[in-house]
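Please read each point alongside the structure shown here.

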Amino acid sequence: MYAEDIQGSIAYAKAIRKADLLSEEELLCMVEGLEKVKAEWDKNQFAIHAEDEDIHSANERRLSELIGNVAKKLHTGRSRNDQTVTDTKLWLRKSIDELLTKLTKLIEVIVNRSEKDLDILMPGYTHMQRAQPVKWSHWLLSYAWYARADVERLYEIRRRVNVLPLGSGAIAGNPFQIDRRSLADELDFYEITENSMHAVGDRDFVAEFLFWSALTAIHLSRLSEDLIIYSSEEFGFVKFADEFSTGSSLMPQKRNPDCMELIRGKSGTLLGKCMGFMTTLKGISSTYNKDLQEDKEALFSTYDILNSVLVVITNALYTVEVNNQKCEDALAPNMLATDMAYYLVRKGISFREAHYLAGKVVVLSESLGVSLCDLTLAQLQIVSSTFQEDVMQIWNFANSVEQYKIIGGTSTTALEKQINNLRTWLQQLTSTYHGFNNH
């Protein structure tokens, strides 16, 4: 966090100048020196010394070497307690913005794939059993809505991260009349903390981010699990590009969905990091304790993992091939048993009775060893005289799907509405949340 530490230090130097604790010349010298320190870090030329306790002391030590005793004024009224939480928020805010960019890219890819593959039919599953026919795009878009909720939650977390703790000192506040609101403006924080003890001890924003990351990873894990199943030879619905599958060291015919398996596995890792840090927090007394430095490993590694996962899943979905024929071949007439109940409802029978009668038809087909669609009208009328010639029209998967025109349904028109709504939301996202984040 060297860049964030220097960013915060430059802003704080300006604040103590406004409080007449630095001269203008000293401020210019300090800012120039801090920029030189940052340049050394940027070029990987910064020399870390054994006595450097942390990033804060390392930067201040190097600043003293560059500009002399004036560097010792930088820490006036400031503590590492408020400095470290400020650095953490600066780093996390930047990292959140990176993740938001990648999440919205994932949604764009899902929406584009859904539009491209709009005509593909497949079985929908509940309890991992074939349930009803749906559009492939309907299944895929379900994950776009998970991702949209993840984006909205992350914006909410970003707002709570974006509250400035600098100026809280070690515990009691800052005695030098630092203009904290001006300091917040300088660092693009939308608000300042109101209690110094809370400010230096608060890591709820870290816990929230870790929970959010775990939940987002769980959504991506479920998507990966579906894709792993659908890529198996038993299903054959999808085929991953070579970049996102591997061979076997022994069996040359294998195409293993390793990338999806790794995403599935990483969700457990991220959940563990969340639980680990929450457990650390539960036993800490008020204000700053050294235990709180555990937030760094959890934050850094969680961000790295999730950032990589989003890149992989986005590109895997962009390149995956969908086997239209395999998807349609998996459809079976018994998946239209619900449509038979709906047929009876449209003839005036209550749904409970229609469901019972459709169940009797299923039993009849099984006892005769024939498919539902092969039952004759005479056989159907053994169960109910309500069945007429038009019952034969229900044995059409495309027609079945198209009846679900209501918002949220799997018909073509309903899916087009989903796609349009998501596209509109994506277009409005930047303008909608820009002010939300910064004001």
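1. E98 and K102 are four residues apart in helix α4 (residues 80-116), which is about one turn of the helix; helices here are DSSP runs of H or I with at least four residues, strands are runs of E with at least two, and both are numbered from the N terminus. The two side chains form a salt bridge whose closest N and O atoms are 3.8 Å apart. The term denotes a side-chain nitrogen of Lys or Arg within 4 Å of a carboxyl oxygen of Asp or Glu. E98 is partly exposed at 38% relative accessible area, and K102 is partly exposed at 21%. On this scale buried means under 20%, exposed means over 50%, and partly exposed lies in between, with a 1.4 Å probe and protein chains only.

2. On provenance, this is a predicted model, in which local features need pLDDT of at least 70 and side-chain atom pairs count only at pLDDT 80 or more, while totals for chains, interfaces and linings use all residues. Residues are numbered from 1 along each chain as its sequence is written, and side-chain values use heavy atoms, with hydrogens and water left out.

3. How many salt bridges does a search of the whole structure find? The search gives 28. One of them joins D150 to R153, with the closest N and O atoms 3.0 Å apart. Both residues lie in helix α5 (residues 136-161), three residues apart, or about one turn of the helix. D150 is buried at 2% relative accessibility, whereas R153 is partly exposed at 33%.

4. The whole structure contains 16 aromatic pairs. Rings of Phe, Tyr and Trp (its six-membered ring) are paired if their centres lie within 6.5 Å; planes under 30 degrees apart count as stacked, over 60 as edge-to-face and the rest as tilted. Y2 and W41 form a stacked pair, 5.1 Å centre to centre with 15 degrees between the planes. Because Y2 lies in helix α1 (residues 2-18) and W41 in helix α2 (residues 24-42), this pair ties together parts that are 39 residues apart in sequence. Y2 is partly exposed, at 24% relative accessible area.

5. F209 and W212 are also stacked, since their ring centres are 6.0 Å apart and their planes are at 25 degrees. These residues are three apart in helix α8 (residues 204-231), a separation of about one helical turn. Both F209, at 0% relative accessibility, and W212, at 1%, are buried. Elsewhere, ring pairs link Y125, W136, W139, Y143, Y146, Y230, F235 and F237 into a cluster.

6. Two charged side chains sit over rings, a term that requires NZ of Lys or CZ of Arg within 6 Å of the ring centre and within 35 degrees of the ring normal. The charged end of K89 is 5.0 Å from the centre of the F205 ring. R93 lies over the face of F189, 4.8 Å from the ring centre.

7. Phi of H127 is near 55 degrees, a positive value in a residue other than glycine. M128 is in the loop between β1 and β2, and its phi is near 60 degrees, again positive in a non-glycine residue. H127 is exposed at 76% relative accessible area, whereas M128 is partly exposed at 45%.

8. A332 belongs to the loop between α11 (324-329) and α12 (337-346) and is buried at 15% relative accessibility. A332 and P123 are 209 residues apart in sequence, yet their C-alpha atoms are 8.3 Å apart in space.

9. The disulfide count is zero, where a disulfide is a pair of cysteine sulfur atoms within 2.5 Å. For C373, the nearest cysteine sulfur is that of C327, 20 Å away. C373 is partly exposed at 29% relative accessible area, whereas C274 is buried at 5%.
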